[in-house]
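Here are a few exercises to work through with the model open beside you. Try each task before reading its solution.

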Amino acid sequence: MKLSVPGRVTGAAVIAVAALLTTSAIADAAPARVAAAPDIPVANVKAHLTQLQSIATANGGNRAHGRTGYKASLDYVKAQLDAAGFTTTIQQFTASSRVGYNLIADWPGGDANQVVMAGSHLDSVTSGAGINDNGSGSAALLEAALTASRTQYQPTKHLRFAWWGAEELGMVGSRNYVNGLTTANRAKISGYLNFDMIGSPNPGYFVYDDDPAIEKTFKEFYAGIGVATEIETEGDGRSDHAPFKSAGIPVGGVFTGASSTKSAAQAAKWGGTAGQSFDRCYHSSCDTTANINDTALNRNSDALAYAVWELSE
């Protein structure tokens, strides 16, 4: 805020203006927000999940690497992003004698030397449609990207979104991407956020503890909505953040649990059923649109947007 002082003012007025300027300087000492993080409509996220389910149903029941269901899923996501004004790139690779694809989407603008990147794996296992694992992360990521477009978000840092192929074969797609980066381009990524299984039907609320600043950002969000969190351990090193972390890039993310069993203490804290897996349909044919907890999906979609917006300002 700038204040102009007329040429003729009384001594008292000068003092008052000086006081106001001092107060303004103190107020301005805190960093100004570029834009408040948006609320991500869970209905829109679920609509994307319905599309992914339909794609799987029409393609042998899955969206696995090298199968027609995966390519159709990628085409669906890419079409949405292209229409929203993103610059999209498809990266091709080969794994297990099948062709795979990563989809990278850049939102125009922001400092290209400071890239905030968020990603999810788009492939399922061959045994099912993979709606929680990992349609949930992929759909929430897509809706966050589309929200950036709808709101014409103009962050200070550059935003990049990614949908990875062949994660279920050992993070093949994301590793291929990271290995293909030059040293200079790796250094430009200020943080990578990973979203893998964020709508488990018997959910927990787990936050990666890999990078303190990113971890703090997610914890701030959950504290703000009164949800307790725990450190994520079940999937540590088992998802697409691992290649980034190995390359020295700060990483973080959230997770609602897979085949591990929810304890009585966790059920008391989060609700749900103690003694049961967080996701009884993990890597199974029952991982369909019926295998999603809407509350968890809604909270984690908003957590995703909060972190992306906060870290890119």
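This is a predicted model: local features need pLDDT of at least 70, side-chain atom pairs count only at pLDDT 80 or more; totals for chains, interfaces and linings use all residues.

**Exercise 1. Trace the sheet: in what order do the strands lie, and which are the edge strands?**

Solution. Begin with the order: eight strands make an open sheet, arranged 1-2-4-3-5-8-6-7, with mixed pairing. Strands and helices here are DSSP runs numbered from the N terminus (strands E, at least two residues; helices H or I, at least four), and two strands pair if DSSP finds at least two bridges between them. Next, look for strands that pair on one side only: these are strand 1 and strand 7 (230–231).

Residues are numbered from 1 along each chain as its sequence is written, and side-chain values use heavy atoms, with hydrogens and water left out.

**Exercise 2. Describe the neighbours of strand 2, and say why it is largely enclosed.**

Solution. On one side, strand 1 (residues 87–95) runs antiparallel to strand 2, joined by nine bridges; Ile-90 has Leu-103 as its bridge partner. In the hairpin of these strands, with two residues between them, Ser-96 takes a positive phi near 55°. Now turn to strand 4 (residues 157–164), which pairs with strand 2 over five bridges, again antiparallel; here Ile-104 is partnered by Ala-162. Finally, strand 2 (residues 98–107) is largely enclosed by the rest of the structure because eight of its 10 residues are buried (under 20% relative accessible area; exposed is over 50%, partly exposed in between, with a 1.4 Å probe and protein chains only).

**Exercise 3. Find the disulfide: which cysteines form it, and is each buried or partly exposed?**

Solution. The structure holds one disulfide, a term for a pair of cysteine sulfur atoms within 2.5 Å. Cys-281 and Cys-286 form the link, with their sulfur atoms 2.1 Å apart. The angle about the S-S bond is -115°, making this link left-handed. For accessibility, Cys-281 is at 13% and counts as buried, whereas Cys-286, at 35%, counts as partly exposed.
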